Amino acid sequence: MQVVKTLRAVRCMLIRGGTSKGAYFLEKEKGMPVKIDWRTPDEENAQKQAEAIEQLVNAGASGIAVSCSDANKLTPAINDAVAHGVPVVTFDSDAAGSKRFAFVGVDDVECGQDLCRAIAKEMNNTGVVAVLAGNPNAPNLQRRIAGLRQEAANYPGLKILDTFYHKETPQDSIATVEQVMQAHPEVNGWAMLAGWALFSDRALKWSPGTVKLTAIVSHPATLEYIREGYTNLLLAQQVYEWGVRPVDLLFDAVQNGKYPATWFVKISLLPVTKDNVDDLDTRWKGWLQGESNDR
């Protein structure tokens with residue numbers, strides 16, 4: 001009798017087209033059933049993530065993928081899972097000191113540097129930039145901020161006002177942008193480390209082009225801001241790959257005892273402009289409808 005392994009995934013926040021789609025196509029490719037047990041807290045909460053990992057281990061999960069809201073809080077839970085024989089992969093936001101065997105995502109310092117260069121180009125290297133971020137405890141955002149500030153030193157005419165944090169919902173991020181614009185009318189550029197404020201239609205309260213904007217995005221709704229002229233460049237996180245690759249890695253580890261040669265599986269940012277925005281939009285629609293679209 002053939003023993004069929006089951007993979008279960010846990011992540012911290014909803015990014016459509018992610019892990020569940022990855023499992024679907026892995027099942028088609030490998031010819032074996034892959035079950036995803038999706039444990040997403042109602043709001044970002046590292047303690048609930050840690051509890052979910054413990055629950056998955058107790059339920060007999062074969063492998064776990066997690067995007068860490070707080071590395072310090074998640075590391076003990078990850079290490080305990082590994083001690084119980086359950087391999088763990090992190091994605092998007094890592095727990096570098098844990099016993100996870102791989103991390104799938106961007107180079108966060110490089111990501112911040114790319115964002116800084118993008119906003120500098122939009123502003124002709126001159127102006128006052130506000131930085132928008134989400135969870136202040138998220139290790140990936142802290143590294144992105146470090147990279148952005150490091151790169152900003154190369155642009156003496158560009159002033160980084162400050163980093164403004166918010167709860168990771170569109171409503172809270174939009175409210176933060178409005179508060180900053182009221183308190184600091186000198187701001188004429190926004191560098192968004194995560195594009196929550198762009199998840200809603202027409203969320204920005206200025207005319208296109210009057211305040212410059214670049215953002216790291218992970219949602220198809222954000223693409224409209226290129227079409228409407230609010231920005232010439234967005235940096236898209238390839239979140240579909242964030243879903244596919246962890247499940248691939250866990251399958252190989254559980255079923256074949258095969259592990260990657262290096263712990264870091266880099267997924268680069270995808271620059272999005274008017275030239276390729278329609279193509280990416282088409283791919284998103286395919287992913288959400290259950291089509292692989294050439295991965």
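This is a predicted model: local features need pLDDT of at least 70, side-chain atom pairs count only at pLDDT 80 or more; totals for chains, interfaces and linings use all residues.
**View 1. The six-stranded sheet.** Here's an open sheet with its strands in the order β5-β4-β6-β7-β8-β10, and the pairing is mixed. At the edges sit β5 (158-164) and β10 (270-272), each of which pairs on one side only. Going from one strand to the next, the twist averages 20 degrees.

**View 2. Where β7 meets β8, with a helix across them.** Strands β7 (residues 212-217) and β8 (residues 234-236) run parallel and are joined by two bridges. Look for Ile-216, which stands opposite Leu-235 of β8. Helix α4 (residues 108-122) lies across both of these strands, and also across β4 (127-132), β5 and β6 (189-192). Relative to β7, helix α4 runs at about 155 degrees.

**View 3. The nonpolar cores.** The largest nonpolar core counts 46 residues. Val-104, Trp-190, Met-192, Leu-198 and Val-272 are the ones with the most contacts inside it.

**View 4. Zooming in on Val-272.** This is one of the residues with the most contacts inside the largest nonpolar core, and the edge strand β10 (270-272) is where you'll find Val-272. Setting aside neighbours within four places in sequence, Val-272 is in contact with Leu-223, Ile-226, Asn-232, Leu-233, Leu-234, Ala-236, Val-277 and Leu-280. Among those partners, Leu-234 and Ala-236 belong to strand β8 (residues 234-236).

Methods. Residues are numbered from 1 along each chain as its sequence is written. Side-chain values use heavy atoms; hydrogens and water are left out. A nonpolar core is a set of buried Ala, Val, Leu, Ile, Met, Phe, Trp, Tyr and Cys residues joined through side-chain atoms within 4.5 Å. Buried means under 20% relative accessible area, exposed over 50%, partly exposed in between (1.4 Å probe, protein chains only). Contact means heavy atoms within 4.5 Å. Two strands pair if DSSP finds at least two bridges between them. Helices (H or I, at least four residues) and strands (E, at least two) are DSSP runs, numbered from the N terminus. Axes are lines fitted to C-alpha atoms, for helices over the stretch in contact, and angles run from 0 to 180 degrees between N-to-C directions.
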